[in-house]
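Open the model in your viewer and keep the selection panel at hand. The stops below are meant to be taken in order.

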Amino acid sequence: MIQAWLMQHWHVFVFTLKRLISTPVTSLLSVIVIGIAFSLPAGIYILMDNLRSISGQAAGSPQMSLYFKTDASKSDIEKIRQRLEENAQIVHLQFISKKTALQQLQQSSGVVDITSGLARNPLPDAFVVNTLDSTAEALKQLQTTMQAWPKIEHVQFDAAWAKRLNTMIEFGRTVVLMLSVLLSIAIIAVMFNTIRLQILTKREEIEVSKLIGATNSFIQRPFLYFGAIQGLLGGITALCIIALAIQTLNEELTEIAQLYTLNLHLQHLSTGDNISLLLFSTWLGWLGARISVATHLWQIEPK
């Protein structure tokens, strides 16, 4: 029983492929339209996904400074160092002693005469750490955790930088969502009209099929396969467009990277994202065909 059902679907699938091949120009144009429509939001999504790493390199990655209390001993400093090294969010740390901090202050501000007259060094020992996560929420949570550590006077990070980056990424995600919704509606409309024209073209064939007892489920099956296959091919086309665009942009970014000594390289979509895009494009093609079939097929009755 199951084998017969699978054979029916296989024959319909092969029949639909032959129908696509029989109208190569029309099918190719539809696939290209779907591919371009999907490549726009997917391309912006990739840029937003790469923005975090590129911005992190350009800005030196988010940094946090841990300032010790003036009475902190070497033992206290080593304990904090051990905690930082064990923290998975810390990718790099640098200890700046109060003596080194004073020397840097003297060299950068030219106040040697003033600082030399001080009875003691007023600057604290400090750790400067680079974090893995650059979101404002993650940095704030890490700041709260470190602030509670013993002998830590103050933990500081560039909240404005993190918020600007996070806001830009959220804006990009909103743009991707809006484009995805609008272009998905456009794809459904294109597929709706394509299937409508096919139904009108096959009107007499549908009437004959109904006369000999064919069910609506049997009649609509080739149209649904047609929409799903076109959606799948459109998704594959979108992936090809994105891959070509990324390769072209990476060639241009190589020259820029050499000028600024940065590792600028756009990453492709992950395997999971590729599969999700193909499934979504297939579903949209099927949905457009399903709506069109449900709207027009019932209007055709044998005379």
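Helices, as named here, are DSSP runs of H or I with at least four residues, numbered from the N terminus. The model is predicted.

**Confidence**

Colour by pLDDT before selecting anything. The average for the protein is 79, and 80% of the residues score at least 70. Select residues 112-116, helix H5: confidence is lowest here, at a mean of 51. Where pLDDT is low, the predicted coordinates should not be read in detail. Helix H10 has the highest confidence, at 89.

**The largest pocket**

Next, select Phe38, Ala42, Ser180, Leu277 and Phe280. Of the 15 residues that line the largest pocket, these lie nearest its centre. The volume of this pocket is about 310 Å³. Show helix H2 (24-58), helix H7 (159-201) and helix H10 (271-296), each of which supplies at least two residues of the lining. Coloured by class, the lining of the largest pocket divides into 11 nonpolar, three polar and one charged residues.

**The second largest pocket**

To find the centre, select Thr23, Thr26, Thr194, Gln198 and Phe226, which lie nearest to it among the 14 lining residues. The space in the second largest pocket is about 250 Å³. By class, its lining has two nonpolar, 10 polar and two charged residues.

**A patch on the surface**

Switch to a surface view and select Leu28, Ile32, Ile36, Leu40 and Ile241. Together they form a nonpolar patch with about 410 Å² of accessible area. H2 contributes the largest share of the patch, four residues. Leu28 is in helix H2.

Side chains of opposite charge can pair when their charged atoms come close. The structure holds two salt bridges. For one of them, select Lys151 and Asp71, whose side chains meet at 3.2 Å, N to O. Lys151 lies in the loop between helix H6 (136-147) and strand E4 (152-157), and Asp71 in the loop between strand E1 (63-68) and helix H3 (74-86), so the pair ties together parts that are 80 residues apart in sequence.

Terms used: Residues numbered from 1 in each chain as written. Heavy atoms only, no water. 1 Å grid on protein atoms, 1.4 Å probe; cavity = no way out; pocket = protein on both sides within 12 Å on 5 of 7 lines; lining within 4 Å. Points joined across faces, edges and corners; volume = space filled by probe spheres on them. Nonpolar A, V, L, I, M, F, W, Y, C, P; charged D, E, K, R; others polar. pLDDT = per-residue confidence, 0-100. Patch = residues over 30% accessible without salt bridge, like charges linked within 9 Å, V, L, I, M, F, W, Y side chains within 5 Å. Areas by Shrake-Rupley, 256 points an atom, 1.4 Å probe, with all protein chains shown as cover. Salt bridge = Lys/Arg side-chain N within 4 Å of Asp/Glu carboxyl O.
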